[in-house]
Amino acid sequence: SDTDMSVPDKEDFWIEIFNYRKVKFFKEKYADVEGRTIGMNIGDFTLVARHGDSLGVGFDKPFYKAEKEFTVGPQEVTDLNLTATLANVKVAVKFDENLGNKLSYDEYWAVVRNNGKKLRFNPNETRAGYIPAGELEFVLVVKINGEYKQYVHPAAAYAPNDFVTFDVKAGLLDGSIA
């Protein structure tokens, strides 16, 4: 999108071609491939365009990917166009101002985790982060009366290109955290 400055330039994408056995036999930067014809045998193939680390976790770790299957016949030239989308999950945490009430919560933070990967959100964090798609679990850690307590929200499945915001609210009257 033109308004999202975090989308990488197409020249920075890696282009990969896999054969029907899923064996990669071609990999180059798009900037080095653009406008070029790549000689290949006849057969069925998959073209993949990717940018970033598919397993990366962090506030600067978006992963973009596009994939397309195609067939090449004898003496045939095939033009392919792909549109890459975000292939991991964009995550944000919004903390309720009541959490900052020093009388109730001395310290707090949130962690979004997936299969051993963790993304920590401190109270003043306003940026969204990125984590691989899958079963994401939300954990809130609070220090109450000198003791750390964890509140774990059940894991939920998130797909590539999802954007989820976890809203953390604190009840002033009953001390509960939702």
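Predicted model: local features only at pLDDT ≥ 70, side-chain atom pairs only at ≥ 80, totals over all residues.
**Exercise 1: Arginine 50**

Find out where arginine 50 sits, whether it is buried or partly exposed, and which residue its side chain meets in a polar contact.

*Solution.* Start with the secondary structure: arginine 50 belongs to strand 3, residues 43-51. Next, take its relative accessibility, which is 23%, so arginine 50 counts as partly exposed. Then list its contacts, leaving aside neighbours within four places in sequence: Phe13, Trp14, Glu16, Phe63, Tyr64 and Lys65. Among these contacts is Glu16, and the side chains of arginine 50 and glutamate 16 make a polar contact at 2.8 Å. Finally, check isoleucine 15: its C-alpha is 6.8 Å from that of arginine 50, though 35 residues separate the two in sequence.

**Exercise 2: Asparagine 19**

Decide whether asparagine 19 is buried or exposed, and name its contacts beyond four places in sequence.

*Solution.* Asparagine 19 is part of strand 1, residues 14-19. Buried means under 20% relative accessible area; asparagine 19 has 17% relative accessibility and therefore counts as buried. Its contacts are Phe25, Asp44 and Phe45. Now look at the rings: Phe25 and Phe45 join Phe70 in a cluster linked by ring pairs.

**Exercise 3: An aromatic pair**

Classify the pair formed by phenylalanine 95 and tyrosine 108.

*Solution.* The structure has seven aromatic pairs. In this one, the ring centres are 5.3 Å apart and the planes lie at 65°, so the pair is edge-to-face. Phenylalanine 95 is in strand 6 (residues 89-95) and tyrosine 108 in strand 7 (residues 107-114), so the pair ties together parts 13 residues apart in sequence. Both phenylalanine 95 and tyrosine 108 are buried.

How values were computed: Residues numbered from 1 in each chain as written. Heavy atoms only, no water. Helix = DSSP H or I, 4+ residues; strand = E, 2+ residues; numbered from the N terminus. Buried < 20%, exposed > 50% of the residue type's maximum accessible area, 1.4 Å probe, protein only. Contact = heavy atoms within 4.5 Å. Polar contact = N/O pair within 3.5 Å; in protein donor to acceptor, adjacent residues only side chain to side chain. Phe/Tyr/Trp six-rings, centres within 6.5 Å; stacked < 30°, edge-to-face > 60°.
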